[in-house]
Every structure is written in C-alpha cells, then in structure tokens.
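Trainee: I would like to learn how to read a protein model. Can we go through one together?

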Amino acid sequence: MAIMCCFQVNPNREMTVEDFKAWLRQFEMDNDGRVSHEELKEAIQSLRVWFPGWKARQVMKVADTNHNGQIEGVEEIEKLVNYAQQHLHMKIHRSRW
C-alpha cells in the first residue's frame, strides 16, 4: 500500500510554483518526473472542476511543446503554470516574500 503526501489545493488559494509542483507530484503514478495526460487529468479532477479530461487535453496541446505526451522541463512546466493561472484560475506566484 502506497502512502502519498497529501497537499490539498483550493484553486483560490495562493501558492508558489514550488507548491504547485509539489501538488502535481502527488498525482505522478510512475515517479518519472514528468506529467502525463492521465496524471494531469487526475490533478485537475481533484480541483472538482467540470470536464477534467477535456481540460487536461487542452493543457497538453498548449504545454507539451515537443509532443511526446508528457509535460517535462522548465519551458513546459512554465506553460502549465500559465495555463493553470489563466484557465483554472489558480493563484500561483514565483516565490514567497
């Protein structure tokens, strides 16, 4: 039985990019450091928003710039953060003061 660290996210809660990455890691099934469509769908579904599968596909279209089916690397994570801010209305800041 796997024990996962719980990092509850309220889309209206403010968080840093590092907090956002930590939240995403709890949905990472294979611990490869990359975010797949299924992992992203699970993360979005945890926010209790409508149409998480569709939204996950939209994120992949925007953020997966090398089209390998995974969100990985600084550039793609940055695009994921921007999408979450604009379309999922998450408040993500670069750093804490």
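Mentor: Start with how helix angles are taken. Axes are lines fitted to C-alpha atoms, and angles run from 0 to 180 degrees between N-to-C directions. Keep in mind that this is a predicted model.

Trainee: At what angle do helix 2 and helix 3 pack, and how far apart are their axes?

Mentor: Helix 2 covers residues 37-46. Its angle to helix 3 is about 125 degrees, and the two axes are 8 Å apart. Angles of 65 to 115 degrees count as roughly perpendicular, and those over 145 as roughly antiparallel. That makes helix 2 oblique to helix 3. The crossing of helix 2 and helix 3 is right-handed.

Trainee: Which residues make the contact between helix 2 and helix 3?

Mentor: Contact means heavy atoms within 4.5 Å. Helix 2 supplies His37, Leu40, Lys41, Ile44 and Gln45. Helix 3 supplies Pro52, Gly53, Lys55, Ala56, Arg57, Val59 and Met60. By class, six are nonpolar, three polar and three charged.

Trainee: How does helix 3 pack against helix 4?

Mentor: Helix 3 spans residues 52-63. It meets helix 4 at about 135 degrees, with axes 9 Å apart. Helix 3 and helix 4 are therefore oblique to each other. Their crossing is right-handed. On the helix 3 side, look for Lys55, Gln58, Val59, Val62 and Ala63. On the helix 4 side, look for Glu76, Lys79, Leu80 and Tyr83. This contact has five nonpolar residues, one polar and three charged.

Trainee: Are helix 1 and helix 4 roughly parallel or roughly perpendicular?

Mentor: Check the angle. Helix 1 (residues 17-25) and helix 4 (residues 73-87) pack at about 95 degrees, and their axes are 11 Å apart. Helix 1 and helix 4 are therefore roughly perpendicular. Val17, Phe20, Lys21 and Leu24 of helix 1 touch Ile77, Leu80, Val81 and Ala84 of helix 4. Seven of these residues are nonpolar, none is polar and one is charged.

Trainee: What pattern does the chain follow along the sequence?

Mentor: Read the elements in order. The pattern is β-α-β-α-α-β-α-β. That comprises four helices and four strands.

Trainee: How much of the chain is buried?

Mentor: Buried means under 20% relative accessible area, and exposed means over 50%. Of the 97 residues in the chain, 40% are buried. The chain exposes about 6,500 Å², with 54% of that from carbon and sulfur atoms.

Trainee: Is Gln70 buried or exposed?

Mentor: Gln70 sits in strand 3, residues 70-71. Its relative accessibility is 16%, so Gln70 counts as buried. Leaving out residues up to four places away in sequence, Gln70 touches Asp32, Arg34, Val35, Ser36, Met60, Asp64 and Glu76.

Trainee: Which residue other than glycine has a positive phi near 60 degrees?

Mentor: That is His89. It lies in the loop between helix 4 and strand 4 (91-93). His89 is exposed, at 55% relative accessible area. Asn31 has a positive phi of about 50 degrees, and it is not a glycine. It lies in the loop between helix 1 and strand 2 (35-36). Asn31 is exposed, with a relative accessible area of 66%.

Key
Residues are numbered from 1 along each chain as its sequence is written. This is a predicted model: local features need pLDDT of at least 70, side-chain atom pairs count only at pLDDT 80 or more; totals for chains, interfaces and linings use all residues. Side-chain values use heavy atoms; hydrogens and water are left out. Helices (H or I, at least four residues) and strands (E, at least two) are DSSP runs, numbered from the N terminus. Angles under 35 degrees count as roughly parallel, over 145 as roughly antiparallel, 65 to 115 as roughly perpendicular and the rest as oblique. Ala, Val, Leu, Ile, Met, Phe, Trp, Tyr, Cys and Pro count as nonpolar, Asp, Glu, Lys and Arg as charged, and the others, Gly among them, as polar. A crossing is left-handed if the near helix is turned anticlockwise from the far one by less than a right angle, and right-handed if clockwise. Buried means under 20% relative accessible area, exposed over 50%, partly exposed in between (1.4 Å probe, protein chains only). Accessible areas come from the Shrake-Rupley method with a 1.4 Å probe; for residues, only the protein chains shown count as cover.
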